[in-house]
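This report describes a protein chain, part by part. Please look at the sequence and the structure before reading on.

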Amino acid sequence: MDEVTFNQQNMFAHVFNYAPIGIALISLDQRWIDVNPAACQILGYKRAELLTMDPTELIFSSGTDDLCSKFGELLEGKISTFSLEKKYLLTNDDIVWVSLHISVVREGAEGKPWYYIAQIVDITATKMTEQKLQESVERYTSLKKYNHDTIISFDLQGKIIGGNVMAEKLTGRQVSELIGTSIASVIGEDSLARILADNEPYTEIESSINHLLHVDGSYLEVLVTIAPIIVNNRSIGFYLLIKDITEQKKLLIEKETAVRTNEVKSEFMAMMSHEIRTPMNGVIGMTDLLLDTPLDDEQKEYVTIIRKSGDTLLGIINDILDFSKVESGNAELTVEPFNLNEAIAETFDTLMPKAMEKNLEFKVCIKPGIPQNIIGDSLKIRQIMLNLIGNAIKFTPRGSIGVSVDKAEAEGEYVRLHFAVKDTGIGVPEDKVPYLFEPFYQADHFMVRQEGGTGLGLAITRKLVQLMDGQIYCEPNPGGGTIFRFHILIQAELLPAIPLHESITEKAPQPEEELSILIAEDNEVNRLVLIRMLEKLGYRPKAVSNGAEVVEEVRRKKYDIVFMDIQMPVMNGMEASRILRKTIEPGNLPYIVAVTANALVGDRERYMSAGMNEYISKPLHSSAILTVIQKCLEGKRRKVTS
């Protein structure tokens with residue numbers, strides 16, 4: 001063997017043993033001849049272990065059908081080599097990807113084939129990188145395809161290079177039509193120039209792009225985000241992310257309109273309350289005073305009719321105001337202890353005269369075990385009962401009205417009480433029942449033309465029941481008439497018996513209780529009503545017509561009570577009260593009573609915060625005036641004894 005041949009053998013042996021590429025020599029009948037260390041390392045086997053395995057499965061197998069034809073072409077000399085990729089699961093559960101390059105060693109250049117050489121290259125790292133790149137491409141493709149916002153990409157010359165389906169919807173043009181055109185057709189030349197100039201933050205440019213032009217000529221309200229496309233640390237273009245907020249803007253405008261409408265509605269209700277209650281105060285107040293004067297029977301009948309008509313009109317006003325409060329969510333529950341039996345009895349007492357006119361019988365049934373001492377809003381419960389029982393009286397020409405409390409279910413610290421109001425009246429047609437609790441429904445109801453009313457009573461009742469976490473529904477009474485059932489959630493507690501308050505009687509105060517009273521009222525009729533009511537109670541009040549006169553009068557003379565109208569010319573009652581609080585010594589400050597035609601939720605709190613001590617609403621009643629006077633006297637007595 002010459003030196004050249006010896007050196008070639010040494011070189012081939014060195015390459016075989018130390019090359020990082022796996023080399024396997026396989027006979028034509030597919031048996032191992034030899035494998036190098038790199039092949040063993042790549043495939044994860046020791047040499048002796050690897051040589052016991054079938055090379056047909058390990059090397060010469062593939063998922064493709066044309067592998068046999070490839071070997072045929074290789075042996076025939078039609079091709080010099082071919083390649084395939086294989087994935088192996090190693091014994092340690094690692095996955096390795098390899099690229100196999102198969103060739104044939106021949107006897108001479110064109111001679112007889114001797115054996116196969118399989119070169120095994122580890123491409124795992126490359127394969128993992130490809131998979132990550134593919135996943136990234138698929139995520140980006142999915143993001144573009146399924147994103148609800150428009151995505152458009154453009155290069156550093158402003159030419160569009162891609163877009164998603166939403167881009168077609170936003171612009172009205174196909175993506176294929178957009179590609180290659182200037183993005184300026186979407187965002188405008190000025191915005192494109194600012195983006196490409198790269199002289200200012202993208203956020204400032206984004207905020208200036210508020211509208212986009214659709215192909216049909218319409219403008220869309222949009223929010224825009226600009227993001228650079230960075231490849232190999234170099235900017236190659238920009239993404240434009242566009243959100244169409246046209247519908248959201250419309251909804252926002254509609255919401256703002258609705259809020260403003262509610263504000264206007266509240267303002268209107270407050271104004272209506274004042275404007276209607278002010279003349280009503282004169283009508284009802286003067287009627288009360290007239291009834292206390294000597295009248296013959298005919299005159300008394302006429303005055304009584306006027307008073308009843310005034311009360312009816314006031315009831316309609318109260319219905320509308322009550323409905324507006326509960327509808328707007330301004331109605332609030334008060335929490336105080338009261339007796340359930342007494343609340344029902346007081347409701348019956350209030351409605352008894354109307355029932356007696358029709359000779360109706362009242363029945364009450366409260367099952368044993370129903371708690372009597374409960375804590376909640378007694379006024380709203382009375383209002384529910386007044387509405388339902390009053391409604392029953394209205395539509396019951398003869399027979400009876402029954403109220404029952406037949407079940408109490410404990411729910412933690414609370415109890416759910418079940419009520420029923422039954423009547424033997426004309427009943428409600430089955431097809432009308434679903435509409436009973438709709439506001440103003442009764443305005444066209446078949447019963448109203450005979451009985452009258454606003455149609456708000458049951459709507460208010462349902463709102464009040466819902467306010468106490470309950471429900472109300474109507475069903476026919478088997479004995480004829482109607483049954484209204486409702487339940488409410490209320491707190492029950494074993495409380496000491498609630499003392500009955502002495503009823504207030506309209507009697508003149510004792511001489512030692514004489515008070516100095518000032519009236520501030522700009523309306524002449526209302527001023528006269530209040531003067532006459534106080535004179536009936538034994539007082540001699542002084543009257544002024546605006547807040548500025550009140551301040552001047554109180555500085556000149558010490559008054560015990562000031563009945564302060566809220567809305568007056570020159571200076572209103574709230575401003576006058578604030579000035580008195582700031583300028584008059586506490587010991588000389590009068591007991592300030594707000595007198596107003598407003599009767600909405602929050603009015604009392606506003607007046608108290610302005611420095612007033614009490615609040616009464618028009619139309620005025622002597623009992624309310626006397627209650628205020630007694631509170632003032634109690635306060636004076638406490639100061640004397642302290």
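The sections below go from the whole chain to single strands and a surface patch.

## Basis of the model

This is a predicted model, in which local features need pLDDT of at least 70 and side-chain atom pairs count only at pLDDT 80 or more, while totals for chains, interfaces and linings use all residues. Residues are numbered from 1 along each chain as its sequence is written, and side-chain values use heavy atoms, with hydrogens and water left out.

## The whole chain

The chain has 22 helices and 22 strands; helices (H or I, at least four residues) and strands (E, at least two) are DSSP runs, numbered from the N terminus. Of its 642 residues, 41% are buried. Buried means under 20% relative accessible area, exposed means over 50%, and partly exposed is in between (1.4 Å probe, protein chains only).

Two strands pair if DSSP finds at least two bridges between them. β1 runs antiparallel to β5 (residues 113-122), with 6 bridges, and it pairs with β2 (residues 32-35) over 3 bridges, also in the antiparallel sense. A24 has a bridge partner in each: A118 in β5 and V35 in β2. β1 and β2 form a hairpin with 4 residues between them, and Q30 in the turn has a positive phi of about 65°.

## A five-stranded sheet

An open sheet of 5 strands has the order β7-β6-β10-β9-β8, with antiparallel pairing. Its edge strands, β7 (160-163) and β8 (211-213), each pair on one side only. Within this sheet, β6 (residues 150-155) and β10 (residues 234-244) are joined by 6 bridges, and F154 stands opposite F238 in β10.

## A surface patch

M11 lies in helix α1 (residues 3-18). M11 counts as partly exposed because its relative accessibility is 46%. Together with F12 and V15, M11 forms a nonpolar patch on the surface with about 300 Å² of accessible area. Accessible areas come from the Shrake-Rupley method with a 1.4 Å probe; for residues, only the protein chains shown count as cover. Like charges are joined within 9 Å, and nonpolar side chains (Val, Leu, Ile, Met, Phe, Trp, Tyr) within 5 Å.

Methods:
Patch = residues over 30% accessible without salt bridge, like charges linked within 9 Å, V, L, I, M, F, W, Y side chains within 5 Å. Salt bridge = Lys/Arg side-chain N within 4 Å of Asp/Glu carboxyl O.
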